[in-house]
Amino acid sequence: MRNTTYLPVVAGLALCATGAMAETPVLQVMTYDSFVTEWGPGPAVEAAFEAECACDLQFVGAGDGAALLARLQLEGPRTDADVVLGLDTNLTAAARETGLFAPHGVEADLDLPIAWTDAEFLPFDWGYFAFVGNVGADAPTSLQALADSDIKVVIQDPRSSTPGLGLLMWVKTAYGDEAASLWADLADNIVTVTPGWSEAYGMFLEGEADAVLSYTTSPAYHLIAEEDDSKVAWGFEEGHYMQVEVAGKLAGTDQPELADQFLAFMVSEGFQSVIPTTNWMYPAVTPAGGLPEGFETLITPETSLLLSPEDAAAKRDAALDEWRTALSQ
Amino acid sequence: MAHSPVPITARWPSAAAAALVLLLTLGTLGAVAWRAEWGSGLAPADWAAIRFTVIQALLSAGISVLLAVPVARALSRRRFPGRQLLITLLGAPFLLPVIVAVLGLLAVFGRGGILNQGLIALGFEPISIFGIHGVVLAHVFFNLPLAIRFILQGWLAIPSERFRLAATLNASVGRLLEWPMLRAVVPNTFLVIFLICLTSFAVALTMGGGPRATTVELAIYQALRFDFDLGRAALLACVQFALCVGAAFLAWRATANDPMGTGLDRVVQRYDTARAPVDYALILAAALFLLVPLAMIILRGLPGIMDLPETIWAAALRSVLVATGSALFCVSMSLALALRGGALVAVIGVLPLAASGLVVGTGAFLLLFPFVRPADMALVVTMLVNATLALPFALRSIAPTVAQVNADYGRLAASLGVEGWTWVRLIVLPRVRRPLGFATGLAAALSMGDLGVIALFAGEAEETLPLAMYRLMGAYRMEAAASAALLLLALSLLMFWICDRGGRADADL
């Protein structure tokens with residue numbers, strides 16, 4: 001008798017359990033490759049968010065920032081992704097134009113060197129582009145000084161890499177109509193142009209160039225992860241162009257609450273504290289414990305340069321032509 | 001094309017293989033074009049890119065073939081200890097992922113490389129490797145091994161009886177045997193390398209030193225990734241196909257088929273073996289050029305190889321599985337197509353070479369996305385695409401031998417009523433073992449190093465070894481990436497060696 005009374009209870013519990021498992025909501029975040037690797041922020045972010053959301057957070061990696069946007073455009077409104085994370089301000093105008101994004105609705109106290117008012121895209125980290133060289137070597141103090149020197153640098157192609165595009169915008173913002181002549185002066189300093197960041201950085205570490213276009217935070221990686229203090233970013237008088245990496249909620253998401261919860265989480269401690277030593281960028285909101293030891297050694301540019309997404313998009317094609325013409329001489 | 005009677009084999013395998021190749025080359029292009037919003041035509045910058053692309057491809061292919069002929073001749077004339085190992089190792093550069101090979105080349109020819117250190121020590125000015133000469137150097141480094149192997153196969157396909165007859169008659173081997181063989185082999189080899197260089201992107205840009213070295217493939221990348229201009233990408237891909245068809249036509253016109261006749265598969269013995277020092281000098285020079293950069297890659301990767309994270313080993317296992325599947329599939333398709341023969345097969349054999357990997361990946365994505373989650377299909381699609389992209393190499397190595405077997409034994413077999421699977425199993429397979437093994441190894445190794453399609457499809461759980469290596473580089477972990485590159489090199493070579501060895505277990509190569 002006792003067995004028969006228990007049975008329905010046990011069966012009911014089992015049913016509840018499977019029902020609950022089947023209904024664990026899934027939040028799909030599309031991001032760039034290096035975010036999801038075991039060395040990137042992905043694993044720690046996933047663990048921290050799943051601890052508070054009772055959901056399954058899935059990352060989908062897709063190349064770099066530009067490839068990410070292209071992937072989203074390929075998938076169109078049918079995409080399964082709920083959140084796209086990893087675009088930068090040079091890409092957000094095109095991203096906005098797709099009409100796939102919804103307002104993020106997050107009010108956060110951001111620690112960015114610039115004011116942030118974008119309704120659709122919310123920053124999660126940022127950094128300054130800079131040339132990174134070896135300690136003790138000649139360090140120019142401006143783009144013009146670099147162009148006038150015989151220092152050799154390797155840069156990335158603005159047509160295939162986001163840092164390359166960043167440098168293009170840096171020169172355009174700092175020099176305006178004079179940008180073409182600065183590129184002409186720089187031409188003999190450029191050893192080569194690589195398709196992506198990895199190739200350029202690898203060539204610099206192999207000694208092919210005196211410096212490489214990267215970020216002011218790059219020396220922090222060598223210092224903290226490798227205990228190597230031989231790399232330094234050059235501070236330039238013209239100021240440094242910024243990269244602000246953002247995320248946005250897709251309008252077609254089937255998990256709007258979860259997506260909102262994720263964006264709010266993104267600018268909270270659990271996400272932001274992971275950023276400095278995994279993505280090697282500045283967190284959009286400085287964690288309570290401050291930045292990790294080692295970050296205080298980095299240069300902090302006095303002038304931050306950044307075009308609005310619309311300006312960046314409008315100036316890009318002409319700037320590309322200038323760049324190509326100057327370097328093809 | 002088929003002048004002699006060919007024993008009957010089933011039609012469907014070759015039809016299926018041809019259909020898959022057409023789907024993945026022209027079909028994916030069609031998918032991209034169909035989604036495109038057509039805008040402007042080709043810009044002046046595109047014409048500059050087309051011009052540069054063709055010039056560097058012509059130079060690279062021409063120099064590769066010019067250098068390969070004497071080296072292949074030397075290798076075919078000489079026997080020495082370690083010759084087999086050397087031939088296998090010489091093939092390595094072709095199998096390397098681009099960035100690994102470029103870093104290896106820079107360790108030798110770069111600013112801090114061995115060559116410049118030597119020049120400075122001797123009091124000379126250091127040279128810069130970047131420019132069109134760097135592009136050509138890198139392409140020759142990649143493709144010389146392929147040219148050597150293809151041309152060497154031509155030499156080895158001359159029956160030993162011909163050499164003996166020539167020696168008996170005291171006739172010129174060069175004019176009567178080698179020149180006709182070269183006329184048959186060289187145009188095709190040139191074509192393959194020209195087409196490989198035509199779709200080059202990372203090598204051309206990195207070694208070319210700037211936007212002067214923009215290739216059509218880079219313009220396609222820009223159109224797909226940065227401008228999301230599918231129309232322009234499709235248009236540029238059509239330009240690549242047009243160049244491919246033109247080049248294939250010219251190569252076909254230049255090819256002179258001169259059947260060598262049948263032999264008894266005896267071990268070749270050469271009687272014209274004068275001037276040994278010249279041959280050995282040539283072999284040594286080629287070995288130095290190809291193997292020193294390889295040694296630098298090994299030196300860079302060796303220290304960290306035991307510290308590689310577990311995920312790399314998992315990715316390596318995944319890569320080996322994909323490569324094995326892809327190789328078997330590729331060789332089956334090639335054999336089916338080769339048995340059919342004819343002009344259509346020749347066209348299908350070069351189409352994948354002209355296909356832009358980016359367009360193939362994007363088109364496959366567009367075709368599949370409405371039906372499946374891309375990550376679910378990542379490894380299958382990679383396997384199919386890699387098999388198709390390796391098909392031209394496999395076919396090029398198998399088809400001439402199959403055609404030879406058809407010409408030599410087709411009549412007899414047909415008269416005896418030997419056909420279908422029996423014909424393939426008893427007559428064809430034993431005779432094409434050597435190129436079959438080579439083709440399998442090549443397809444496997446090419447698939448190991450491929451990064452084109454997987455990058456668009458893969459999630460975390462489908463990561464292959466080259467993708468894992470690039471991700472390591474993207475995370476500043478250059479030493480770990482160097483070790484992963486070494487692992488990739490070792491596995492590619494091992495797979496190549498096993499297959500190649502299996503194909504010539506009792507041969508004298």
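This report walks through a predicted model with chains A and B, from the build of chain A to some helices and loops worth a look.

**Chain A as a whole**

Let us start with the outline of chain A. Its secondary structure comes to 14 helices and 12 strands, and its C-alpha atoms fill a box of roughly 95 × 45 × 35 Å along the principal axes. Chain A has 329 residues, and 52% of them count as buried. If you look at contacts between residues at least 6 apart in sequence, 78% join residues that are at least 24 apart.

**Two domains in chain A**

Chain A is divided into two domains, each made of two segments: domain 1 covers 2–126 + 243–295, and domain 2 covers 128–242 + 301–327. Their centres, taken over C-alpha atoms, are separated by 30 Å. Where they meet, 21 residues of domain 1 of chain A are in contact with 19 residues of domain 2 of chain A. On the domain 1 side, α4, α5 (92–97) and β10 (240–250) of chain A each supply at least two residues. The largest share of that side comes from α5(A), with three residues. By class, the domain 1 side divides into 12 nonpolar, seven polar and two charged residues.

**Where chain A touches chain B**

Now turn to the boundary between the chains. Here 37 residues of chain A are in contact with 41 residues of chain B. On the chain A side, the elements giving two or more residues are α2 (33–36), β2 (56–61), α4 (65–75), β7 (190–194), α9 (197–205) and α14 (309–327). Which of these elements gives the most to the side of chain A that touches chain B? α4(A) does, with six residues. The chain A side as a whole has 15 nonpolar, 13 polar and nine charged residues.

**A covered helix in each chain**

Helix α7 of chain A spans residues 162–175. From its first C-alpha to its last, this 14-residue helix reaches 20 Å, close to the 20 Å expected at 1.5 Å a residue. Because 12 of the 14 residues of α7(A) are buried, the helix is largely enclosed by the rest of the structure. Among the buried residues are A:Leu165, A:Leu167, A:Leu168, A:Met169 and A:Trp170, and A:Lys172 is also on the list. Following α7(A) comes A:Gly176, which has a positive phi near 50°.

In chain B, helix α11 (residues 216–226) is mostly covered, with 11 of its 11 residues buried. The buried residues of α11(B) include B:Leu218, B:Ile220 and B:Phe226, along with B:Glu217 and B:Arg225. What covers the buried residues of α11(B)? The cover includes α4 of chain A, together with α2 (44–77), α10 (202–208), α12 (230–254) and α16 (357–368) of chain B.

**A helix crossing in chain B**

The axes of α1 (residues 12–35) and α17 (residues 374–416) of chain B come within 10 Å and cross at roughly 100°. That angle makes α1(B) roughly perpendicular to α17(B). From α1(B), the contact is made by B:Leu20, B:Val21 and B:Leu24, and from α17(B) by B:Leu384, B:Val385, B:Thr388 and B:Leu391. Sorted by class, the residues of this contact are six nonpolar, one polar and no charged.

Most residues other than glycine have a negative phi.

| Residue | Phi |
|---|---|
| B:Phe228 | positive, about 45° |
| B:Tyr476 | positive, about 70° |

Where does each one sit? B:Tyr476 lies in the loop between α20 (465–474) and α21 (478–503) of chain B.

Are these residues buried or partly exposed? A residue needs 20 or more C-beta neighbours within 10 Å to count as buried. B:Phe228 has 19 inside 10 Å, so it counts as partly exposed. B:Tyr476 has 23 inside 10 Å and therefore counts as buried.

Definitions and conventions:
Residues numbered from 1 in each chain as written. Chains lettered and ligands numbered in written order. Predicted model: local features only at pLDDT ≥ 70, side-chain atom pairs only at ≥ 80, totals over all residues. Helix = DSSP H or I, 4+ residues; strand = E, 2+ residues; numbered from the N terminus. Contact = placed C-beta atoms within 7 Å. Nonpolar A, V, L, I, M, F, W, Y, C, P; charged D, E, K, R; others polar. Axes fitted to C-alpha atoms, helices over the stretch in contact; angles between N-to-C directions. Parallel < 35°, antiparallel > 145°, perpendicular 65-115°, else oblique. Expected span 1.5 Å × (residues − 1). Domains from an automatic or database assignment.
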